Amino acid sequence: MSDLDNLPPVDPTTGEIIINPLKEDGSAKTPKEIEKERKKAEKLLKFAAKKAKQASVAADKDGNAAAKKAKKPKKKEPEVIPDFVDNTVPGEKKILVSLDDPALKAYNPANVESSWYDWWVKSGVFEPEFTEDGKVKPEGLFTIPAPPPNVTGALHIGHALTIAIQDSLIRYNRMKGKTVLFLPGFDHAGIATQSVVEKQLWAKEKKTRHDFGRTAFVDKVWEWKEEYHGRIKNQIKKLGASYDWNREVFTLDPERYESVVEAFVRLHDDGTIYRASRLVNWSVKLNTAISNLEVENKDVKGRTLLSVPNYDEKVEFGVLTSFAYPVVDSDEKLIIATTRPETLFGDTGVAVHPDDSRYTHLHGKFVQHPFLPRKIPIILDAEAVDMEFGTGAVKITPAHDQNDYNTGKRHNLEFINILTDDGLLNENCGPEWTGMKRFDARKKVIEELKNKGLYIGQEDNEMTIPTCSRSGDVIEPLLKPQWWVAQQDMAGEAIKAVRDGKITITPKSSEAEYFRWLENIQDWCISRQLWWGHRCPVYFVKIEGEENDRNDGTYWVAGRNIEEAQVKADTKFPDVKFELEQDEDVLDTWFSSGLWPFSTLGWPKETKDMKDFYPFSMLETGWDILFFWVSRMILLGLKLTGEVPFKEVFCHSLVRDAQGRKMSKSLGNVVDPLDVIGGIKLEDLHAKLLQGNLDPREVEKAKLGQKESYPNGIPQCGTDAMRFALCAYTTGGRDINLDILRVEGYRKFCNKIYQATKFALMRLGDDYTPSATEGLTGNESLVEKWILHKLTETAKIVNESLDKRDFLTSTSVIYEFWYLVCDVYIENSKYLIQEGSATEQKSAKDTLYILLDNALKMIHPFMPFISEEMWQRLPKRSSEKAVTIVKASFPVYTKEFDNEAAAAAYELVLNITKEARSLLAEYGIIKNGKVIVESNHDSFFETASSQKDSIVSLIKAIDEVTVVRTATEIPEGCVLKAVNPDVNVHLLVKGHVDIDAEIAKVQKKLDKVSKSKAGMEKTMNSKDYESKANAEAQAANKTKLENTVAEIEGLEATVENLKRLKL
């Protein structure tokens, strides 16, 4: 008789299945048994209905041919989830809508992340907390000055990495109860901002800054600053940075202006800042000197045509041009080679090696300039000349090449500048050349050398071309009178501060770079020929009737204001008439940025903030600006305050795209954090390219780059997922290859947290109230003891990792713990909460609450929004004083939860589960599986026996599990897997599988494992094994061999079992 002949009874009125509550012996069935029987009955009825339908269709086929074309059932339409409407008043605590609301059915980061930030700010939870008498809390102090972003447009993913790392540490330390300050601010970014505004004005109005005049132009830049400052601030808030906005500063605000002026005047008065004419990186397009950081080096392998601003045709680079200088009073010619023929107008020497016998007869002689009435001396220099390279003769242009500058100084050569600030040849080149553009002159020089018979030839030459990162212009080394900072003495103090341990630099590679840079430090040019920035507070004393050299520092005085400068000038030049003219130049942006750790706290005033927060706890930034910014803050901090500016420097990696390429607008791979948070279509990414200053040709190239990097656009990931991903990427390496798909993977992790918390809240019930304090009750089941052990173990690792700045470990263990909670404990606790005794239910719920409360707190520093959203929905202990998770206590190691024995016992349960699942999958059994656990080990047997319900709850394909002591109790037709040498898991496969195919499969595995065993035995039996292998390795090998032997025995038993099935 088939099951269809014995269908369960159904109530004809209600349609409900009728289950007999009594067993055959008259005893009552348990709720679990009734539920199991009901599910089986439902399956039978469904199967019967399916069979009836099949029979009906078959009958229709015979009577109606049209039935062949029966329509396929329509695909289920995706459920439309309504938009979430947040009715919270900005700044007020978020109105929590029920999780049963259709709009909150699925995790949506936009829904979860709304409203919280404004409430945090208005509530003042980001402000440092002091004791009642206004002192730093006894728990300690933790402070970070946020690196000020430039007000030039928008933040990129690198800024997001900075904020993710810094804010995770800030939130962690705040939750540890410390007085915490995360100080925000913005940088005026002199050259970057001015160049962007100039480009915009030219594009829109076809006007230059000179058309406006200095004051009107600076007003235009202030307008830009106000607009983009607001945009950037919005980005920062979206990223969840817990800044104390009450202390927000700007490098050009009045207080910072006072700090900059004070620093300059002090350093000028003591001689640290001085006036000198030296070579600078000159950008013709921007008409200013730029720092090394703003120079991008382009490498070319040979002849290459490059676009240069203000040139209609591309300019040739990567070519070495050889020409001859006629030797004076001789028919001989001296051949030299250059990559910059146009600079020959500035040649004031030709160098040869003193030991080069080819030129011994020319020592002390001259060559004739081909276009000017100038005799050029032949000089001897072993440092400037390599006898083996080229002809062994080198042209020296001291005013237009750094190496030649040094050579010129050694030989006291004349320094002749041949260019105007606009890149035109000047009067020193002769009347027929004056006013010619530098690269037009290059072609003309070669042409004229040919006419004079002095041209020798050209060849490809691999070279590096310095370009301006802001304008794309080719940098021109130019001799300019500028203000310089002497850094040698300050560098010595900065090196000592790190060597003495007053400042730690992580990673060690960055520390090594720090020492290398400072040990080879050069003086720092701080003059910039701009209008946007801190105008140099120094004045030229223009004495009536005298024409004094403006490059002579004697005639300059520094002053905090014009009145102070006047007093200094009167003292320096008594009894003469003079006028004071303030220097037109502004200071390098890095000068004001170098004062950041103390100017932000009110220096030079002795403020409470200076007393409380200086020096800062740490400075966190990218390794690429360790020298340009970090080292200068240390130099200036020690010089001006007498103390280190911070105690720790942590340098993070640089973000590159998934292919490892540098982020570049022209490549189209620059990522706006808001696009990752909210998602963006590819066509919208294309449209954003048109909003910037990219050349139209570069726009098309960037579009192709975007299509390659983000063919489907960027998916909506949310802030929490992005922050967590960026911290998880932080491994201490120099580069991060950011894959947006990995960020999207963490969005799925957020969904896991969201759905698990929703489910857990449902399990707890609306009437659940947690106990006043957290702790054990003594009623915990094994799985509870195990998960609480995991909790305290995870908390310990996370605390240690964050204290060591190990973001990879901290994020990894939190991630793993959440999966243990979701996939193991919540699954396992279902039967405890639904079917356990009242005591078991209460204990399981209490443990579930402990897990949710602590897991949300633990992930809060990395995922501030979802942790707050879900934590606010938890019922609170009467002892909980925090109104926001921001101020809740961070989980720490709890000895009471540390239970190694219980953890080991439950790990056995998980391993049994793992092997059982593996067998079920291997043999394709998806329901009604029969699993038997065999162990003669008393402890293991007791654990498996007591945890049968737990094992069943974790394996969907079985309804029960049997535990036996010996193999003789195992029914025929089973296969097995060894859990360990004392525990085997058996699966009944008789009637489920193709026996011959399974025997072949197991035999193949047995052969492989046997071969592995033989290899291990050969190694362990070798004569020098005990002397060569340490005790730890020997123990590991012994355990591995025992497990392998157990596996072989299990496989052999499986083969025998399968063979018996054939009989």
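Reader: Which residues are linked with Lys-568 in a network of salt bridges?

Author: Bear in mind that this is a predicted model. Lys-568 forms a salt bridge with Glu-564, with 3.6 Å between the closest N and O atoms. The network that holds this pair also takes in other residues of the chain. The residues linked with Lys-568 are Glu-262, Arg-266, Asp-269, Arg-560 and Glu-564.

Reader: Where do Lys-568 and Glu-564 lie?

Author: The two residues are 4 apart, about one turn of the helix. Lys-568 is partly exposed, with a relative accessible area of 21%. Both residues lie in helix α13, residues 562-572.

Reader: Is Lys-857 buried or exposed?

Author: Lys-857 meets Glu-880 in a salt bridge, 3.6 Å from N to O. Lys-857 sits in helix α25 and Glu-880 in the loop between α26 and α27, so the pair ties together parts 23 residues apart in sequence. Glu-880 is partly exposed at 24% relative accessibility. The cut-off for buried is under 20%, and at 7% Lys-857 counts as buried.

Reader: Which strands hold Glu-960 and Lys-930?

Author: The side chains of Glu-960 and Lys-930 meet in a salt bridge, 3.4 Å from N to O. The pair links distant parts of the chain, 30 residues apart. Glu-960 is partly exposed at 38%, and Lys-930 is partly exposed at 40%. Glu-960 is in strand β31 and Lys-930 in strand β30.

Reader: How many salt bridges does the count come to?

Author: The pairs above include Lys-857 with Glu-880 and Glu-960 with Lys-930. A salt bridge needs a Lys or Arg side-chain nitrogen within 4 Å of an Asp or Glu carboxyl oxygen. By this rule, the count comes to 65.

Reader: Which helix does the chain pass through from β26 to β27?

Author: Strand β19 runs parallel to β27, joined by 3 bridges. Strand β26 also runs parallel to β27, joined by 4 bridges, and Thr-621 stands opposite Cys-651 of β27. From β26 to β27 the chain makes a right-handed β-α-β crossover, and the helix it passes through is α17.

Terms used
Residues are numbered from 1 along each chain as its sequence is written. This is a predicted model: local features need pLDDT of at least 70, side-chain atom pairs count only at pLDDT 80 or more; totals for chains, interfaces and linings use all residues. Side-chain values use heavy atoms; hydrogens and water are left out. Two strands pair if DSSP finds at least two bridges between them. A crossover is right-handed if, with the strands pointing away from the viewer, the path from the first strand over the helix to the second runs clockwise. Buried means under 20% relative accessible area, exposed over 50%, partly exposed in between (1.4 Å probe, protein chains only).
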